[in-house]
Amino acid sequence: MSIQAATEETPAQAILETGTARRSEWSRVWRRFKRYKPGLAGATLVIALIFIAIFAPLIAPYSPTEKVGRRATPPSAEFWLGLDEIGRDVLSRLIFGTRVALIVGIGAMAIALIIGVTIGAVAGYFGGTVDLALSRVIDALMAFPLLALLITLSALFEPHLRTVVIVIGVTVWASYARVVRAEVLSLRERDYVIAARAIGARSPRIIARHMLPNVIGPVIVLASLDVGSIIILESALSFLGLGVQPPTPSWGGMLSAGRSLMRNAPHIAIAPGVAITLTVLAFNLMGDGLRDALDPRQRE
Amino acid sequence: MLRYITIRLLQGVVVIFLVSITSFIIMQLAPGDPVDILIGEQQITPEQIAAIERKWGLDRPWYVQYFTWLGNVFTGDFGTSVVRTGQPVREMIFEAAPQTIKLNLLSLIVSMLIAIPIGVLAAVKRYSLFDYGSMVGATLGIALPNYWIGLMLIIVFSLKLGWLPPYGSGSWKSYILPVAVLASQEMAILARLSRGTTSEALSQDYVTTARAKGLRDRTVVTRHVVRNALLPVVTMIGYRIAFLLSGTIVVETIFAWPGIGQLFFNSIDRMDYQVVQAIVLLLATLVVVANLVTDLVYAYIDPRIRVR
């Protein structure tokens with residue numbers, strides 16, 4: 001708690017520093033976020049990854065899908081990370097693979113957020129039987145070992161980037177629903193909610209305008225921490241051959257292909273693993289920083 | 001307390017019911033008719049087909065099929081494998097389960113023995129080099145994909161050094177790599193958690209009191225702090241079972257470990273849906289039971305929960 005006391009500033013300090021006592025919530029969040037250096041480093045890396053994904057064709061030295069030399073060539077000055085099992089440039093594939101990782105990570109997260117926040121808010125706001133029923137659905141989803149469910153669903157549908165995004169999105173929302181439900185439940189009897197109801201505001205409006213803004217902090221934190229685990233899930237699916245299909249470069253798929261040449265050309269399997277780890281690390285550190293900035297209660 | 005147990009038990013039953021119906025529906029969506037697959041895989045007479053259809057109610061609507069299936073499951077009959085012609089699914093699971101249980105139990109024990117002392121020590125020596133070092137390690141451990149750790153360990157210890165077998169389940173040596181991979185992520189999570197709970201316990205009044213009484217630091221930590229700090233850690237382990245089992249699928253596939261995870265993945269691969277359905281139901285039931293037991297144990301140990 002002492003850390004929190006140190007980061008909260010007195011009004012006098014605020015006036016001294018900015019010349020105004022009023023300061024928006026977001027600028028305070030930003031100030032708190034900046035204090036946690038690993039979080040800042042993570043956020044920087046996330047932004048860099050987004051740039052790499054967008055400008056992949058400009059950055060990549062070679063084509064990600066075409067043969068440019070002898071198969072399994074080790075790293076050299078010409079091919080920094082070597083060539084893969086077919087003779088494609090590993091670095092270029094890694095750069096294009098950023099796209100798959102981010103599309104899946106962010107896309108699936110968006111789907112999970114929409115489902116989870118809606119279900120959680122409805123369960124928490126209406127309570128009673130609705131809550132009882134939805135809570136059991138949430139419990140049931142959380143009882144499935146996630147990867148088993150993902151593997152089963154992916155095996156049923158045509159393997160495609162879109163399938164992966166949707167399948168992961170519809171399976172990982174339970175934790176958001178749980179968090180939002182608990183928060184909304186605790187807000188239900190607050191004075192401002194009762195006041196809104198008293199002046200005739202309808203339920204959707206009360207949920208959207210008065211409750212969700214108060215819930216968004218913990219949800220953003222959880223979401224940013226989960227993008228990392230979604231990226232790991234996607235790569236695990238691709239590794240098992242159920243995710244994004246070749247020749248589209250995905251980190252998990254590259255790892256899986258590199259597996260057969262592990263003895264003589266370990267570089268093929270090493271590079272995508274490092275890329276996954278760095279990306280997941282970036283999102284996790286950013287999430288830790290956001291937790292400190294947005295949700296001081298949850299700090300370890 | 002009795003009321004609490006009853007409610008939790010009922011909730012558990014409802015959840016398992018939901019899981020069973022979901023996994024049944026998913027399997028209904030799966031391409032291919034089980035009977036067609038049977039015909040394709042082996043020589044089968046029309047009488048045999050009729051017998052199978054009667055037993056599983058395949059000529060009836062899906063909800064009748066579901067309750068037939070559920071009824072059979074209750075008597076311990078999970079059907080027969082399509083791929084391993086006619087072998088009862090139950091036998092296959094009984095064969096594979098001990099392998100998975102051994103692997104997971106060992107990983108849990110190893111990760112607890114290593115991670116908890118690290119977490120406690122990191123909290124006691126807060127902001128020291130040890131604290132930073134171990135937490136950087138834990139943060140990395142969470143970000144590392146476990147199958148990649150597995151491949152790297154195989155490259156180093158099996159292919160380059162030749163010390164350990166790269167796959168299979170045999171001598172004690174074959175356990176080292178899969179256990180290391182499964183334990184690595186648990187260790188990272190447990191170390192972070194026990195550091196958090198220990199530093200919270202350290203700031204409690206009873207610790208100040210114990211110090212004021214003149215107890216040595218060591219005594220304060222082992223007698224007062226650790227006991228309270230470990231409670232959430234121990235219960236966390238109960239909730240981690242679902243994650244551990246997910247990890248098992250990947251690890252068993254990499255190391256060709258003849259457990260439930262590999263059986264599951266192979267069955268998916270060959271569209272052996274009776275096996276898949278049985279495993280999904282069993283794993284989910286295991287998770288529900290583990291969570292239930294954890295909740296009850298927690299309520300039993302921590303009187304503050306019981307009162308609520």
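**Confidence first, then a helix pair**

Reply: Residues 1–8 of chain A keep a pLDDT under 50, and the model gives them three contacts beyond four places in sequence. This is a predicted model. Where pLDDT is low, predicted coordinates should not be read in detail. Helix 1 of chain A, residues 2–7, has the lowest confidence in that chain, with a mean of 43. Helix 4 of chain A, residues 37–54, has the highest, at 93. Chain A as a whole averages 84, and 90% of its residues score at least 70.

Now the close look, in chain B. Helix 7 of chain B spans residues 146–160, and helix 11 of chain B spans residues 241–254. Their axes come within 9 Å and cross at roughly 25°. Angles under 35 degrees count as roughly parallel, so helix 7 and helix 11 of chain B are roughly parallel to each other. The crossing is right-handed.

Which residues meet there? Helix 7 of chain B brings Asn146(B), Tyr147(B), Gly150(B) and Leu151(B). Helix 11 of chain B brings Gly247(B), Val250(B), Val251(B) and Ile254(B). The residues of this contact divide into five nonpolar, three polar and no charged.

Last, the two chains together. In the model, 34 residues of chain A are in contact with 37 residues of chain B. On the chain A side, helices 7, 8, 12 and 14 of chain A each give two or more residues. Helix 8 of chain A gives the most, with eight residues. The chain A side divides into 23 nonpolar, six polar and five charged residues.

Notes:
Residues numbered from 1 in each chain as written. Chains lettered and ligands numbered in written order. Predicted model: local features only at pLDDT ≥ 70, side-chain atom pairs only at ≥ 80, totals over all residues. Contact = placed C-beta atoms within 7 Å. Helix = DSSP H or I, 4+ residues; strand = E, 2+ residues; numbered from the N terminus. Nonpolar A, V, L, I, M, F, W, Y, C, P; charged D, E, K, R; others polar. pLDDT = per-residue confidence, 0-100. Axes fitted to C-alpha atoms, helices over the stretch in contact; angles between N-to-C directions. Parallel < 35°, antiparallel > 145°, perpendicular 65-115°, else oblique. Left-handed = near helix turned anticlockwise from the far one by under 90°.
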